[in-house]
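Please consult the sequence and the coordinates alongside the text.

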Amino acid sequence: MPKISKIPFLFLILSLNAASAEVIWGPTLERSGGEYIFETGNKYPNLSGIRGGSRISFPRTFSLFGIQGIYTKDKIEISGALKTTGWYQKSGEARDEDFFLGSVSTENTTNIATREWSYRDSATIYSGSRNFADGKGKSTVFENRAELYGRYYFQTGNPNYWIDGSGFFLSVGARYSYFKYIFYDVNQYIESTPVFYGPIGMGLTFSNDLWEFFGGGGYRYSSGNFYADFSFMPSFGRIKTRDFHVQRSINFFSENYGLGWASKAEVGYKMGPSWLSYIRINHRRFFSEGRFTSQGGLTRDDLTSNLVSGFKSHINIKDYSIEIGALNKLDWSPGSNRSENSEKVVPNTEE
C-alpha cells in the first residue's frame with residue numbers, strides 16, 4: 001500500500017470552543033483533470049555527445065473525497081481538509097518519450113519570470129524534438145492530500161456564511177500531497193535496426209511528495225440565501241519524486257523547487273440556519289526546476305550515470321477540479337438545544 005505520512009494534524013484548532021466562535025464541518029467530493037509532466041534534457045551535447053532528453057506525461061484525471069472543517073471567530077477563519085482517492089484509480093493514457101534535440105529546438109525553462117514579469121502557461125519545456133523512443137500505456141493514480149488555510153476579512157466581509165456582508169480578505173495556506181502513478185500495459189516504439197514496436201508490460205512507477213505554500217487574497221459576497229467567494233494565491237513549492245523504471249531496474253530521485261498559483265471560484269446556497277451546499281471550481285499551476293540522480297540499472301550507460309552528481313529536471317503541473325460539498329454549523333452556544341437539553345431538570349413526580 002502507498003504510504004500515508006506527513007499529513008498535518010489539521011483539526012486541532014477546530015476543537016477550540018468559544019461563545020463567539022463557530023465550527024463548521026462537512027463532506028466534500030472533487031473531480032480533477034489536467035496534466036503532470038516530468039522533463040529532462042540538454043540542447044547542447046553532453047559527455048556522451050547526445051543532445052536530447054526525455055519526457056514522462058501523466059493525466060490528472062481522478063476523483064477525491066474527504067472531510068473539511070472551518071473554525072471562525074470575529075474576522076478570522078481557519079479551514080482544513082483531508083482528501084483521498086481511497087484507492088488506485090484509472091487516470092487515462094500516459095506516455096514516456098525519449099527525444100533528440102537540434103539547433104532549431106527550443107528550451108523554455110522559465111514559466112514564471114519574476115524579473116521580466118512574464119508568464120508562460122505551458123507544462124512542456126522542450127519543443128522541436130524528434131522521438132527515438134516512445135511508449136504509450138495505461139496509468140492509475142493514488143493520492144492523499146491535506147490542506148490548511150487562514151483568512152482575515154475586511155469591510156463588511158464575514159467568515160460566517162450566514163451573515164450578510166461583502167469584502168476583501170487576505171489568505172495564507174499550505175497543502176501537502178502524496179501521489180503515486182503506475183504506468184502499465186505499455187506499447188513501445190524504439191528507433192533501432194530493425195525498428196522495434198510491441199508490448200513491454202509494466203513501464204514505471206512514479207511517486208511524488210509535494211509541499212506548497214500560498215499567500216494571496218480574494219473577495220466574498222453574501223446576501224440572503226446565496227454567497228459567492230473568489231480567491232487567487234501565488235505559491236512556492238517543493239516536490240521530491242522517485243521514478244522507478246521496471247524494465248531497466250533503475251531509480252531516478254529528484255528534488256525540485258518552483259512557483260505557481262491557485263485560484264478558486266465558489267458559489268453556495270444556504271439551505272437553512274445550519275446547513276449550506278456549494279459548488280467550487282479550482283485551478284492550480286506549479287512549475288518547478290531541480291536535479292535528479294540515478295541509482296541502479298542494467299546497462300553500462302545506466303551504471304555510469306550513477307557516478308554523475310545530477311541531471312537537470314523539470315516537473316510542471318497544470319490541473320483543475322470541480323468540487324461539491326455540504327457544510328453544517330455546529331451550535332455550541334449557551335442558548336442552543338444541546339445546552340438546553342443538557343441542563344434540563346427532570347421534575348419530581350413523587351408525592
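## Conventions

Helices (H or I, at least four residues) and strands (E, at least two) are DSSP runs, numbered from the N terminus. The model is predicted, so local features need pLDDT of at least 70 and side-chain atom pairs count only at pLDDT 80 or more, while totals for chains, interfaces and linings use all residues. Residues are numbered from 1 along each chain as its sequence is written, and side-chain values use heavy atoms, with hydrogens and water left out.

## Nonpolar surface patch

Strands β14 and β15 each supply at least two residues of the nonpolar patch. The patch covers about 750 Å² and is made by L29, F65, W87, V267, I279, I281, I322 and I324; of these, V267 is found in strand β13. Patches are made of residues with over 30% relative accessible area and no salt bridge, with like charges joined within 9 Å and nonpolar side chains (Val, Leu, Ile, Met, Phe, Trp, Tyr) within 5 Å. Accessible areas come from the Shrake-Rupley method with a 1.4 Å probe, and for residues only the protein chains shown count as cover.

Two strands are taken to pair if DSSP finds at least two bridges between them. Strand β9 (165-190) pairs with strand β11 (residues 204-223) in the antiparallel sense over 19 bridges, and the bridge partner of F169 in β11 is G218. Strands β11 and β12 are likewise antiparallel, over 18 bridges, with Y221 opposite A228 in β12. These two strands form a hairpin with two residues between them, and G224 in the turn has a positive phi of about 65 degrees.

The antiparallel pairing of β12 (residues 226-245) with β13 (residues 250-270) extends over 20 bridges. Four residues lie between them in a hairpin whose turn includes S249, with a positive phi of about 55 degrees. Strand β13 also pairs with β14 (residues 275-296), in the antiparallel sense over 21 bridges, and these strands form a hairpin with four residues between them. W261 of β13 stands opposite P234 and also opposite R285 in β14.

## Cavities

Rolling a probe the size of a water molecule over the atoms shows where empty space is left. On a 1 Å grid over the protein atoms alone, a cavity is a set of points where a 1.4 Å probe fits but cannot get out, whereas a pocket is an open set with protein on both sides within 12 Å along at least five of seven lines; lining residues have an atom within 4 Å of a point. Grid points are joined across faces, edges and corners, and a volume is the space filled by probe spheres set on the points. In the lining counts, Ala, Val, Leu, Ile, Met, Phe, Trp, Tyr, Cys and Pro are nonpolar, Asp, Glu, Lys and Arg are charged, and the others, Gly among them, are polar.

The structure holds two cavities of 30 Å³ or more. The largest has a volume of about 560 Å³; of its 34 lining residues, E147, Y149, K264, R280 and N282 are the closest to its centre. This lining divides into eight nonpolar, eleven polar and 15 charged residues. The second largest cavity, of about 30 Å³, is lined by R60, E143, R145, R175, S177, F179, E212 and R284. By class, these are one nonpolar, one polar and six charged residues, and β9 gives the most, with three residues.

## Largest pocket

About 1600 Å³ of space lies in the largest pocket. Among its 42 lining residues, D98, R248, F252, D301 and D302 are the closest to the centre. The largest share of the lining, five residues, comes from α1. The lining comprises 18 nonpolar, 16 polar and eight charged residues.

## Salt bridges and backbone geometry

A salt bridge is a side-chain nitrogen of Lys or Arg within 4 Å of a carboxyl oxygen of Asp or Glu. The whole structure contains 28 salt bridges. In one of them, K83 pairs with E30, with the closest N and O atoms 2.8 Å apart. K83 lies in strand β4 (residues 76-84) and E30 in strand β1, so the pair ties together parts that are 53 residues apart in sequence.

Most residues other than glycine have a negative phi, and most peptide bonds are trans. D185, in strand β9, has a positive phi near 50 degrees. A cis peptide bond joins T193 and P194, with omega about 0 degrees; P194 lies in the loop between β9 and β10 (196-201).
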